[in-house]
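The sequence and the structure are shown first.

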Amino acid sequence: MAMREIRVLPDPVLRTPCDEITTIDDRVRSLVDDLVETVDADGRAGLAANQIGVNLRAFSWNVEDEIGYVLNPRIVDLSEETQDGDEGCLSVPGLWYPTTRAWYAKVEGTDLAGAPVVVEGTGLMARCLQHESDHLDGKLYLDRLERSVRKKAMRELRERL
């Protein structure tokens, strides 16, 4: 297990859709260990594999004192009810912008034994599931912002680089 460095924009790995995990081997087990250890720090709610430079579909979470992971997650249910609130990202440090997400989200995937896993939640957990799933598709929360807000965020980001 290792605490891994977080990749930040403009690293192209963050914009690259991740590959499905087809074989659970030592590399994948090590990835999960690293995801879990790296997300277990103050201020971290979730971490996708590409945020630590690995192009595989896996993420971990650390929400309300529960740490977990899922392999090959896919969102299977979102509520029509939404939540608004500022959202940030470890890969876009220091930027927080209002982002609308579903209030409830449900993800299906597998664990390291290949067994089916269902992860669901409301509020922060739902936001985390959606945010990390977006990462695995090569998307950032900035992509979900209203056009004018996104322009402001991108300008602020350019000024920081």
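The bridge partner of Ile75 in β8 is Val107. Strand β3 (residues 66–78) pairs with strand β8 (residues 104–110) in the antiparallel sense, over five bridges. Two strands count as paired if DSSP finds at least two bridges between them; the strands themselves (E, at least two residues) and the helices (H or I, at least four residues) are DSSP runs numbered from the N terminus.

The model is predicted: local features need pLDDT of at least 70 and side-chain atom pairs count only at pLDDT 80 or more, while totals for chains, interfaces and linings use all residues. Residues are numbered from 1 along each chain as its sequence is written, and side-chain values use heavy atoms, with hydrogens and water left out.

**Sheet and helices**

β3 and β8 belong to an open sheet of five strands in the order β1-β2-β3-β8-β9, with antiparallel pairing. Its edge strands, β1 (46–48) and β9 (116–122), each pair on one side only. From one strand to the next, the twist averages 40°. In general, strands of a sheet pair through backbone hydrogen bonds, either parallel or antiparallel.

Helix α1 (residues 26–39) lies across β1, β2 (58–63) and β3, and runs at about 25° to β2. Helix α2 (residues 124–136) lies across β1, β2, β3, β8 and β9, at about 155° to β2. Axes are lines fitted to C-alpha atoms, for helices over the stretch in contact (heavy atoms within 4.5 Å); angles run from 0 to 180 degrees between N-to-C directions.

**Aromatic and cysteine side chains**

A search of the whole structure finds one aromatic pair. Phe59 and Trp61 form this pair, which is edge-to-face, at 6.5 Å centre to centre and 65° between the planes. Rings of Phe, Tyr and Trp (its six-membered ring) pair if their centres lie within 6.5 Å; planes under 30 degrees apart count as stacked, over 60 as edge-to-face and the rest as tilted.

The structure holds zero disulfides, a disulfide being a pair of cysteine sulfur atoms within 2.5 Å. Cys89 is in no disulfide, and the nearest cysteine sulfur, that of Cys128, is 11 Å away. That distance is too far for a bond.

The table gives the relative accessible area of these residues; buried means under 20%, exposed over 50% and partly exposed in between (1.4 Å probe, protein chains only).

| Residue | Relative accessible area | Class |
|---|---|---|
| Phe59 | 0% | buried |
| Trp61 | 5% | buried |
| Cys89 | 8% | buried |
| Cys128 | 4% | buried |
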